[in-house]
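Open the model in your viewer and keep the selection tool at hand. The stops below go from the whole chain down to single residues.

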Amino acid sequence: MLEHKKGIFDKIARNILLVTVGLLPLFFIPGLGIGVEISKTYLLAFGVAFGFIFWIIGRLVDGTLSVPKNLFVVSSTVLVFVFFLSALFSPAPSVSFGGQSFEIGTFASMLLFVGFFILATVVFRNAKHVTMAYLALFVGFMVSSLFQLLYLFLGSKYLALGTFFNSTSNLIGKWNDYAIFVGLIALLGLLTIELFQLNKIQKIIITAILVVSTFFLALINFISVWIVLGVFALVVFIYTLSVRRLGEGENALKVFPFPSFIAVVVCLLFILGNTLVGGFLSSKFGIFQTEVRPSLSSTAQVVKASMWKHPILGEGPNRFSEA
């Protein structure tokens, strides 16, 4: 009986994380004035907390504790420790530790993100588990994309849901946040279609995901995402062109990686002609938004001034605007 229970708690923890991954792109609390980002923080907190509870129960049952000690886990743990020290010596500790609602940038949010990351490394143990996580993320993207397409054509008159009231409203958060999420999906889709053996139906699904993600990237037209996606697409193109072969032995033929090549061309098009090409879809759908952000030089000046005052631990988490 004990042997039977040894793996069940890990499976429960893994399923909790899978549900969390699938729901994160979709989850919000309608009609209560709670922002989309904060709603997702609550969901992530519940997912991480319950996932850790069942994982710890599993460790108590089987009597072993094993955590990967690779560079990513160690460095992320050090990052949390530095965040803790910085928040502890911050001029406003309450702002740095939790803020108003554990907003992104606080110690609490960093602890939550790293906790999710470490838990994922111990419950997603093989390629099948990682594939299930990707599938959950793809499903979340497809459902959120369907909502966004309906919202674009129907508007807030029918889909406000007590939360969405302007043209850039979406299920992820800020308009540029949505671009980052879509860029991640596009990159995962590109890696999947280039590096994995897929059947015809799977190729059709991944191609559809790439087309939809490209549409939304063009609509949002966030130049930073185009640059990052273009760089990774170029790396995938060069790698795939170097290693992929059709057949075996000396007669094996190189297979030209069309998906990554097309991705590189599209990214270059939007990088070089950002205003002209990228603004076309936005104007067609009547979407005009400006996310106010300091320039790179302004950010460098703020950092420099802050480091003069607080040379070791900085201004403190969640205090960039005060700086």
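**The whole chain**

Start with everything selected. Of the contacts in the protein chain with a separation of 6 or more, 70% are between residues 24 or more positions apart; contact means heavy atoms within 4.5 Å. This is a predicted model, in which local features need pLDDT of at least 70 and side-chain atom pairs count only at pLDDT 80 or more, while totals for chains, interfaces and linings use all residues. Residues are numbered from 1 along each chain as its sequence is written, and side-chain values use heavy atoms, with hydrogens and water left out.

Switch to a cartoon view. The protein chain has 14 helices and 2 strands. Helices (H or I, at least four residues) and strands (E, at least two) are DSSP runs, numbered from the N terminus. The C-alpha trace spans about 60 × 55 × 45 Å along its principal axes. Of the 323 residues, 40% count as buried. Buried means under 20% relative accessible area, exposed means over 50%, and partly exposed lies in between (1.4 Å probe, protein chains only).

**The nonpolar core**

Next, select V123 and Y178. These are the residues with the most contacts inside the largest nonpolar core, which has 52 residues. A nonpolar core is a set of buried Ala, Val, Leu, Ile, Met, Phe, Trp, Tyr and Cys residues joined through side-chain atoms within 4.5 Å. The elements that give two or more residues to this core are α2 (8–23), α3, α6 (107–123), α7 (127–154), α9 (175–195), α10, α11 and α12 (258–272). Which helix gives the largest share? It is α9, with 11 residues. In soluble globular proteins, nonpolar side chains tend to be buried together.

Stay on V123 and show its surroundings. Not counting residues up to four places away in sequence, V123 touches A13, R14, L17, W55 and H129. Apart from this core lies another, of 8 residues; V73, V80, F83 and A87 are among them.

**Helices α10 and α11**

Select residues 200–220, helix α10, and residues 223–243, helix α11. Two packed helices are described by the angle between their axes and the distance between the axes. Here the axes come within 9 Å and cross at roughly 140 degrees. Axes are lines fitted to C-alpha atoms, for helices over the stretch in contact, and angles run from 0 to 180 degrees between N-to-C directions. Angles under 35 degrees count as roughly parallel, over 145 as roughly antiparallel, 65 to 115 as roughly perpendicular and the rest as oblique. The helices α10 and α11 are therefore oblique to each other.

Show the side chains where the two helices meet: T214, L217 and A218 in α10, and V225, W226 and L229 in α11. By class, this contact has 5 nonpolar, 1 polar and no charged residues. Ala, Val, Leu, Ile, Met, Phe, Trp, Tyr, Cys and Pro count as nonpolar, Asp, Glu, Lys and Arg as charged, and the others, Gly among them, as polar.

Pick L229 from that set. Is L229 buried or exposed? L229 is buried, because its relative accessible area is 9%. Leaving aside residues up to four places away in sequence, L229 touches G183, A186, L187, L217 and C267.

Now move to N221, in the loop between α10 and α11. N221 has a positive phi of about 60 degrees although it is not a glycine. At 15% relative accessibility, N221 counts as buried.

**Two residues in helix α3**

Select K40, which is found in helix α3. K40 counts as buried, at 10% relative accessibility. Where does the side chain of K40 reach? The side chain of K40 reaches the backbone oxygen of L171, at 2.6 Å. K40 and I172 are 132 residues apart in sequence, but 8.5 Å apart in space, C-alpha to C-alpha.

Then select R59, in the helix α3 as well (residues 36–62). R59 also counts as buried, at 9% relative accessibility. The side chain of R59 makes a polar contact with the side chain of D62 at 2.7 Å. A polar contact is a pair of N or O atoms within 3.5 Å; within protein, one must be able to donate a hydrogen and the other to accept it, and residues adjacent in sequence count only if both atoms are side-chain atoms.
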